[in-house]
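Here is a briefing on one model. Read it alongside the coordinates; the points are grouped by topic.

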Amino acid sequence: LNRAEVHNMAAGPSPLPTSVLQQAAKGLLNYNGTGMGVCELSHRGKEFKGIVEKAEADLRELLQIPDSHAVLFTQGGGTTQFSSVFLNMLAYHRLKSKDVPAEQYSPPTVDYIVTGAWSSKASAEAKRLAVPPTPNAQALANVHIAATTKPTKFNRVPRKEEYNFTNDAAYVYYCENETINGVQFAGDVDSPAAVPFDLIPNDVPIVADYSSSFISRPIPHIERHALIYAGAQKNLGPAGVVVVIVRKDLLVDTNEAALLGGVPVCPIELEYKILADNGSLYNTPPVFSIYVSQLVLRYLIEEKGGMAGVKETNEKKAKLLYAALEEAERKGLVRLTVSDREARSWMNVTWVIDEADGDEESSREKRFLKGAEAQGFRQIKGHRSVGGIRASIYNAVSLESVQELVNYIKNWAAAEKW
Ligand code: PLP
């Protein structure tokens with residue numbers, strides 16, 4: 001099969017633009033006429049430093065990142081950020097009360113908004129680190145769930161009245177787009193499904209996981225965030241690099257904080273200050289992932305109309321697909337798993353078929369998947385933890401591919417009906 005013959009709708013790692021991959025293939029063999037491939041160049045040489053600088057400049061331009069924030073490239077995936085966020089934010093909080101002696105320092109509260117599988121995992125990691133499993137250990141923080149939609153199977157984001165924030169929390173954490181559950185905070189700040197910025201106490205730092213919606217549309221109130229991170233492998237580039245956008249005053253010496261007592265020592269590679277002080281080159285970076293990411297960023301600026309153009313296309317794609325699914329839902333053929341329209345993800349569209357059908361063999365879902373496979377749709381089976389179908393329509397999935405999926409759904413629905 002040729003790339004052009006399939007519609008790859010994988011949730012991650014996900015497709016990348018073909019022209020970018022063609023360019024990357026050349027760079028892999030011979031970067032910019034150096035006679036050496038990009039993975040064969042010293043990460044401390046001027047060529048690679050140039051790539052990191054260009055990636056940062058393009059990202060700043062695309063997302064309008066203010067000068068108050070640093071941009072870092074690191075490793076360990078989104079999962080490592082679950083731990084890094086906790087350790088660095090605790091250190092920042094401790095340094096703000098430097099004068100309080102260790103014996104009088106009480107562990108802070110950290111607030112988590114839990115809207116799906118990834119924010120659940122992030123809060124679980126915070127709990128694991130907050131309560132050391134050693135005998136008689138003191139808790140390092142109180143992990144508080146400021147709101148969760150778990151009781152309704154993550155079918156929406158919390159309603160305003162459901163949030164319960166802590167006044168002096170060390171930070172508030174949320175996941176902007178829940179890749180597995182297909183739930184996303186609304187991009188329009190006036191929507192009831194938007195991140196409740198107005199309810200979060202002013203001095204409390206806000207941390208966001210943007211892994212699966214990064215550079216798919218502008219980030220509302222980017223300046224209000226203390227930290228935003230995103231693993232590359234959906235919209236940005238190959239797995240291996242994580243982007244961290246962090247307010248510069250949060251770049252603190254975690255050792256200094258640990259010496260004051262009450263906060264743990266942070267592994268060196270996880271300290272944001274170390275990464276920033278070394279221009280993201282403290283240790284050997286994931287050179288290929290950063291290189292491809294830089295090409296993707298350039299491509300979005302030069303060929304896709306920047307964030308405004310990308311947003312427009314993504315909105316069209318999502319509207320088309322949800323409209324077709326709502327029609328099938330009215331016929332009783334499918335159920336969209338996110339009931340609140342405003343909280344439906346533009347990136348990961350999730351639905352179930354067959355809820356009432358006990359017969360495994362003849363299930364509609366199997367027929368749907370088999371037919372989809374024959375039409376070239378790939379990797380659309382829902383995550384193993386939730387089942388159903390998930391079409392991930394990231395930046396590199398074209399409007400035409402989504403239109404073809406819509407046609408397929410309509411034809412399938414018509415055939416099922418008779
Ligand atoms: N956060 C979100 C929203 C994700 O979608 C993922 C992975 O898909 C992660 C975090 C974890 O990222 P990683 O697999 O890079 O550790």
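Strand β8 (residues 206-209) pairs with β9 in the parallel sense, over three bridges. This is a predicted model.

**Around β9**
- Strand β9 (residues 227-231) is mostly covered, with five of its five residues buried.
- Leu227, Tyr229 and Gly231 point one way from β9, while Ile228 and Ala230 point the other way. All of them are buried.
- In a regular strand, side chains alternate between the two faces of the sheet.
- β9 also pairs with strand β10 (residues 242-247), here in the antiparallel sense and over five bridges.
- Tyrosine 229 has valine 244 in β10 as its bridge partner.

**The seven-stranded sheet**
- Seven strands form an open sheet, ordered β2-β10-β9-β8-β5-β3-β4, with mixed pairing.
- The edges are β2 (69-74) and β4 (142-148); each has a single partner strand, so one side of each is left without a neighbour in the sheet.
- From one strand to the next, the twist averages 20°.
- Strand β5 (residues 171-175) and β8 pair in the parallel sense over four bridges.
- Tyrosine 174 has alanine 208 in β8 as its bridge partner.
- Helix α4 (residues 117-130) packs on this sheet and touches β3 (109-114), β4, β5 and β8. The direction of α4 makes about 160° with that of β3.

**The ligand shell**
- Which residues lie around the ligand? They are Gly12, Gly77, Gly78, Thr79, Trp118, Cys175, Thr179, Asp209, Ser211, Ser212 and Gly231.
- Helix α3 (residues 77-96) gives the largest share of this shell, three residues.
- By class, the shell residues divide into two nonpolar, eight polar and one charged.

**The three-stranded sheet**
- Three strands form an open sheet in the order β11-β12-β14, and the pairing is antiparallel.
- β11 (334-336) and β14 (389-392) are the edge strands; each has a single partner, so one side of each is left without a neighbour in the sheet.
- Neighbouring strands here are turned by 30° against each other on average, direction ignored.
- Strand β12 (residues 348-353) is joined to β14 by four bridges, and the two run antiparallel.
- Tryptophan 351 stands opposite isoleucine 389 in β14.
- Helix α8 (residues 306-330) lies across β11, β12 and β14, running at about 130° to β11.

**Helix α9**
- The buried residues of helix α9 (residues 364-374) are Glu365, Phe368 and Ala372.
- Seen down the axis of α9, these buried residues fall within an arc of 60°, so they line one face of the helix.
- An α-helix has 3.6 residues a turn, so residues three or four places apart point the same way.
- Lys370 and Ala374 are exposed on the other side of α9.
- Glycine 376 follows α9 and has a positive phi, near 100°.

**Alanine 413**
- Leaving aside residues up to four places away in sequence, alanine 413 touches Ala328, Lys331 and Leu333.
- Alanine 413 and threonine 284 are 129 residues apart along the chain, and their C-alpha atoms are separated by 52 Å.

Notes:
Residues numbered from 1 in each chain as written. Predicted model: local features only at pLDDT ≥ 70, side-chain atom pairs only at ≥ 80, totals over all residues. Near = placed C-beta within 6 Å. Nonpolar A, V, L, I, M, F, W, Y, C, P; charged D, E, K, R; others polar. Buried ≥ 20, exposed ≤ 12 C-beta atoms within 10 Å, placed from the backbone. Arc of directions from axis to C-beta. Pairing = 2+ DSSP bridges. Axes fitted to C-alpha atoms, helices over the stretch in contact; angles between N-to-C directions. Contact = placed C-beta atoms within 7 Å.
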